[in-house]
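Good morning, and thank you for joining. Please take a moment to look over the sequence and the structure before we turn to some of the details.

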Amino acid sequence: MPTAPATPDLTREQFLAGVRASGVLTDRQFDKLTGTLTVFQKSARDVAEFLVTGDWLTRFQAELLMHGKTDGFLLGPYVVQEYITRTASGRAYKAIHRTMNRAVAVLVLKQELTTGEGVREAIRVQARAAARLAHPNLLTLLDVNTAGARMYLVHEYVDGGDVAAVVRQGGPLSVPRACEFVRQAALGLQHAHDKQTPHGRLGPAAVLVGRPGGNGPEGKPVVKVCGLGLGDLAGTDQPTEYAAPELTADPTPTAAADLFALGGVFSLLLTGRPPHPAAPLKALRADVPAPLLAVAEALLNPNPACRPASTADVANALAAFASDDSAFIDFTLPDPGSHSAPAISGGLTTLPVGIPLPVTPPAQPERSPFADLEVEDAEEVAEDDTPVSGQAVYTPVHTVRRKRPTKRRGTRARKRDGRLAFWLGVIGAGVVLAAAAAALAVLAAVVRS
């Protein structure tokens, strides 16, 4: 297995020069940052840890800068913050729109998928069609753009994970929660079906769940289906267990095939395993009410004509059993395992240091931002999924907050000085009282004599 390259022996000054050259911070931010550093940050590693602790840099950015990488952090107005995952169509990163300060997911497409202006225009047409889908339960496509020889798609960012990861972490869901997740997914799919846009690749990796308190209504978990209308660019593949039988003869995506796949996702949420004809739902989960068993069995019916008429009907049937409570969902997830790939906008944030970012040299704008990235070499290095710095592969990601270490440190210092002054005052008062008592004792002795 490939290993990450050795860390160059950077000095403090070299590391700071790399931070400035990377463009991760604006000139104003960089000047403000250097004013907060003290003599205690002596080495490059000390400075990196200080910047990560203060939210000036993400761990991902700091690790790459410590390895001497200063290119590839900028894609147009987007500042790359974290690595999410590698998909069949490219690599996904979490980024921040510098002007709007909005978190997004950026999918950088493989170069061989974007060769030729005709191909690029076809991708733009496909992306524009996908962008017309606007629903709270669909992942919104925000932008499609180019960077040299590559194209990239920009989606809204979901702070959470796909449903397969949720099940791996906590096991099968409660019946009300499973119904709520499938109900939301069904509503999103119905909007797409109304626009004559079936998914065709629906599976657990295409159903994302946002963290409670994130972008859900009233702080509740929100479910978003991703990959609609993007075909091969969707970034997710459909496992065979979730593919409708009729797709074997005709792979054309249909709403009926999406219904079958939705039934498979429902089965996974309730049992913790993909659907299988030899292990029906009622044999694996005894507490599922009979009406819900009927819905699940209808969705997984091999005959498309025997499935529900629409995903709207599924959502209506599940509404009476669903619960959208905001109980905690743990997204600090373990290794993804073998059943589903992480979706392109989930909260996966750790990158093996050896995976290169797209290269964007600011001094040569006419040169391809990806000219130094060999796709074959990158794919080989990407096989190494060893986390850096001992982090778990799935790590919660939060919106960047520019903390102010100087003010926070000054406040602590003032509090510490205040406590010291208080106790010095107490001691001084005690000394004065003792001296006064001694003087009174001497005076009393003189009077008696």
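How are α10 and α11 oriented to each other, roughly parallel or roughly antiparallel? Before the answer, a word on the source: this is a predicted model, in which local features need pLDDT of at least 70 and side-chain atom pairs count only at pLDDT 80 or more, while totals for chains, interfaces and linings use all residues. Residues are numbered from 1 along each chain as its sequence is written, and side-chain values use heavy atoms, with hydrogens and water left out.

Helix α10 spans residues 290-299 and helix α11 residues 311-319; they pack at an angle of about 160 degrees, their axes 10 Å apart. The two are therefore roughly antiparallel, a term for angles over 145 degrees. To this contact (heavy atoms within 4.5 Å), α10 contributes Leu-292, Val-295 and Leu-299, and α11 contributes Val-314, Ala-317 and Leu-318. Of these residues, six are nonpolar, none polar and none charged.

Leaving aside residues up to four places away in sequence, Leu-189 touches several residues, including Leu-138, His-199, Val-225 and Thr-311. Its C-alpha atom is separated by 8.5 Å from that of Ala-255, 66 residues apart along the chain.

Finally, the cysteines. How many disulfides (cysteine sulfur atoms within 2.5 Å) does a search of the whole structure find? The search finds zero. Cys-179 is buried, at 0% relative accessible area, whereas Cys-306, at 42%, counts as partly exposed, the class between 20% and 50%.

How values were computed: Disulfide = S-S within 2.5 Å. Buried < 20%, exposed > 50% of the residue type's maximum accessible area, 1.4 Å probe, protein only. Axes fitted to C-alpha atoms, helices over the stretch in contact; angles between N-to-C directions. Helix = DSSP H or I, 4+ residues; strand = E, 2+ residues; numbered from the N terminus. Parallel < 35°, antiparallel > 145°, perpendicular 65-115°, else oblique. Nonpolar A, V, L, I, M, F, W, Y, C, P; charged D, E, K, R; others polar.
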